[in-house]
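Hi there,

Here is the structure I promised to pass on.

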Amino acid sequence: MDYLRSYKNIYDQNIILMYKGELTFDLVTSMIATLEERLEELEENRKVKKKFYNVATETIQNLYYHLDEVNADEIRISSYDSRSALILIAARKRFYSLQTGNYVPTEKLDEIKSRIDDINSVEPDELRALYKKALNEQEFSDKGTGGLGFIDIARKTGGQKLRYKFQPVTDNVSYFTLQVRLPREV
């Protein structure tokens with residue numbers, strides 16, 4: 001394998017962070033600190049820095065808190081991979097791209113899809129009201145969240161649509177990918 005070519009490809013694609021593996025609290029904390037340092041080098045606009053940091057933090061934390069362990073035997077992968085996440089953050093010319101991926105139980109797909117579709121269906125100026133409504137009406141889960149993560153991400157990206165895809169793996173498990181774009185101009 002040509003490792004120098006791999007390095008140059010990653011560099012040319014402006015990959016800020018690329019990770020595949022199990023997420024721990026300490027690792028999430030370290031990733032967020034690394035992103036903050038890297039952002040200081042990449043971005044001059046203070047507002048964009050702040051929004052990017054907030055969106056990246058929310059996206060990674062959302063993944064960490066909702067990473068569902070699926071039965072590894074069902075999808076014929078290791079138990080390590082069944083608890084793993086994929087994170088890819090890149091700086092493009094006009095936007096930052098944050099992509100995540102993880103296995104989810106198929107029984108949760110309708111709930112996730114409905115939540116994202118509801119957020120994508122409202123205008124950017126309506127997201128604040130949707131956030132307040134969710135805050136007032138939601139019961140907090142045992143993970144301490146009220147389902148506000150996706151709304152908060154959409155708000156901070158200026159109403160950019162959240163892109164997602166579910167890829168069936170088995171009858172009981174799918175692979176969920178989420179892509180968030182944050183414009184580099186405010």
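**Ground rules**

This is a predicted model, so local features need pLDDT of at least 70 and side-chain atom pairs count only at pLDDT 80 or more, while totals for chains, interfaces and linings use all residues. Residues are numbered from 1 along each chain as its sequence is written, and side-chain values use heavy atoms, with hydrogens and water left out.

**The chain as a whole**

The protein chain has eight helices and five strands; helices (H or I, at least four residues) and strands (E, at least two) are DSSP runs, numbered from the N terminus. Starting at the N terminus, the order of elements is α-β-α-α-α-α-β-β-α-α-α-β-β. Of the 186 residues, 40% are buried. Here buried means under 20% relative accessible area, exposed means over 50%, and partly exposed is in between (1.4 Å probe, protein chains only).

Asn71 sits in the loop between H3 and helix H4 (72-75) and is partly exposed, with a relative accessible area of 40%.

**Two helix pairs**

Two packed helices are described by the angle between their axes and the distance between the axes. The axes are lines fitted to C-alpha atoms, for helices over the stretch in contact, and the angles run from 0 to 180 degrees between N-to-C directions.

For H2 and H3, the axes come within 10 Å and cross at roughly 160°. That makes the two helices H2 and H3 roughly antiparallel; angles under 35 degrees count as roughly parallel, over 145 as roughly antiparallel, 65 to 115 as roughly perpendicular and the rest as oblique. The H2 and H3 crossing is right-handed. (A crossing is left-handed if the near helix is turned anticlockwise from the far one by less than a right angle, and right-handed if clockwise.) Residues making this contact include Phe25, Ile32, Leu39 and Glu40 of H2, and Lys49, Tyr53, Thr57 and Gln61 of H3.

Ile32 of helix H2 counts as buried, at 8% relative accessibility. Leaving aside neighbours within four places in sequence, Ile32 is in contact with Tyr53, Thr57 and Gln61.

The axes of helix H6 (residues 109-121) and H8 also come within 10 Å, crossing at roughly 30°. H6 and H8 are therefore roughly parallel to each other, and their crossing is right-handed. On the H6 side the contact is made by Ile112, Arg115, Ile116 and Ile119, and on the H8 side by Phe150, Ile151 and Ala154.

**Charged side chains**

How many salt bridges does a search of the whole structure find? There are seven, where a salt bridge is a side-chain nitrogen of Lys or Arg within 4 Å of a carboxyl oxygen of Asp or Glu. Among them are these:

- Glu41 with Arg38, with the closest N and O atoms 3.0 Å apart. Both lie in helix H2 (residues 25-42), three residues apart, about one turn of the helix. Glu41 is exposed at 62%, whereas Arg38 is partly exposed at 28%.
- Glu40 with Lys49, with the closest N and O atoms 3.2 Å apart. Glu40 is exposed at 52%, while Lys49 is buried at 17%.
- Asp152 with Arg155, at 3.6 Å from N to O. Asp152 is buried at 9%, and Arg155 is partly exposed at 30%. Salt bridges link Asp152, Arg155 and Lys156 in a network.

Lastly, please look at Glu58 in helix H3 (residues 46-66). Glu58 is buried yet has no salt bridge, and the nearest side chain of opposite charge, Lys156, is 4.9 Å away. For charge, Lys and Arg count as positive and Asp and Glu as negative; His and the chain ends are not counted. Not counting residues up to four places away in sequence, Glu58 touches Gly149, Asp152 and Ile153.

Best wishes

Conventions: Contact means heavy atoms within 4.5 Å.
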